[in-house]
Amino acid sequence: MVISQQGTSRALGTRFSVRDRGDVADVKVTESNVEVCAKAPPSQTPASACQQLRAGEQTQFGQHRVQTPQNISTAFISDWPQQQLIVDDQPLVTVLEELSRYHSGHIRIDRDSLAA
């Protein structure tokens, strides 16, 4: 189980990732199922407080609501056990920012030069 400030993501015999973005978190399921629950107040309806995701689905959630699951975006697909990040039609700056999350050193980016 991954517990974040927004709520919980519970593995149901699966492979998945959670990325905390501050006010919201992203969950992507690549194998089996995951139940995602927001830290909803007791008056919150169960349908929006928890969602079950299947392989190939993703969602975003905050402390009070879990968004309806969607198909995983193919813009970024990470397969870290195979040491791969598969990128499709993304700006180089975005790719370098994603890589910098996993790199222990420094990646210097000249955003103005790379903007085009």
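Let's start with the side chain of Q6, which makes a polar contact with the side chain of S4 at 2.8 Å. By polar contact I mean a pair of N or O atoms within 3.5 Å; within protein, one must be able to donate a hydrogen and the other to accept it, and residues adjacent in sequence count only if both atoms are side-chain atoms. Another polar contact, of 3.2 Å, joins the side chains of Q6 and D20.

A word on the source. This is a predicted model, where local features need pLDDT of at least 70, side-chain atom pairs count only at pLDDT 80 or more, and totals for chains, interfaces and linings use all residues. Residues are numbered from 1 along each chain as its sequence is written, and side-chain values use heavy atoms, with hydrogens and water left out.

Back to Q6. Where is Q6 placed? Q6 is in the loop between β1 (2-4) and β2 (7-20). Helices (H or I, at least four residues) and strands (E, at least two) are DSSP runs, numbered from the N terminus. Is Q6 buried or exposed? Q6 is buried, at a relative accessible area of 0%. Here buried means under 20% relative accessible area, exposed means over 50%, and partly exposed is in between, with a 1.4 Å probe and protein chains only. Setting aside residues up to four places away in sequence, Q6 touches a list that includes D20, G22, C37, A38 and F61. Contact, throughout, means heavy atoms within 4.5 Å.

Now the strands on either side of that loop. β1 and β2 run antiparallel, joined by 3 bridges. Two strands pair if DSSP finds at least two bridges between them. V2 has S9 as its bridge partner in β2. The hairpin from β1 to β2 goes through 2 residues.

The sense is antiparallel, over 12 bridges. R19 stands opposite D26 in β3. The hairpin of β2 and β3 has 4 residues between the strands, and G22 there takes a positive phi near 100°.

D26 also takes part in a salt bridge. Its partner is R21, and the closest N and O atoms are 2.3 Å apart. A salt bridge is a side-chain nitrogen of Lys or Arg within 4 Å of a carboxyl oxygen of Asp or Glu. D26 is buried at 14% relative accessibility, while R21 is partly exposed at 46%.

How many salt bridges does the rule count? The count comes to 3. One of them is between E57 and R54, at 3.5 Å from N to O. E57 is buried, with 13% relative accessible area. R54 is exposed, with 54%. Another is between R111 and E97, with 2.5 Å between the closest N and O atoms. R111 lies in helix α3 (residues 111-114) and E97 in helix α2 (residues 92-100), so this pair ties together parts 14 residues apart in sequence. R111 is partly exposed at 45%, and E97 is partly exposed at 33%.

On to the core. Which residues make up the largest nonpolar core? There are 9 residues in all: A25, V27, V29, V34, V36, A38, L53, F61 and V66. Strand β3 (residues 25-38) gives the most to this core, with 6 residues. A nonpolar core is a set of buried Ala, Val, Leu, Ile, Met, Phe, Trp, Tyr and Cys residues joined through side-chain atoms within 4.5 Å. Take A38 from that set. Beyond its neighbours within four places in sequence, A38 is in contact with residues including Q6, A49, F61 and V66.

Then the disulfide. A search of the whole structure finds 1. C37 and C50 form this disulfide, with their sulfur atoms 2.2 Å apart; the cut-off for a disulfide is a pair of cysteine sulfur atoms within 2.5 Å. C37 lies in strand β3 and C50 in strand β4 (residues 50-54), so the pair ties together parts that are 13 residues apart in sequence. The link is right-handed, with 115° about the S-S bond. C37 is buried at 14%, but C50 is partly exposed at 29%.

Last stop, I72. I72 is in the loop between β6 (70-71) and β7 (76-79). I72 counts as partly exposed, at 21% relative accessibility. The C-alpha atoms of I72 and V27 are separated by 9.6 Å, and the two residues are 45 apart along the chain.
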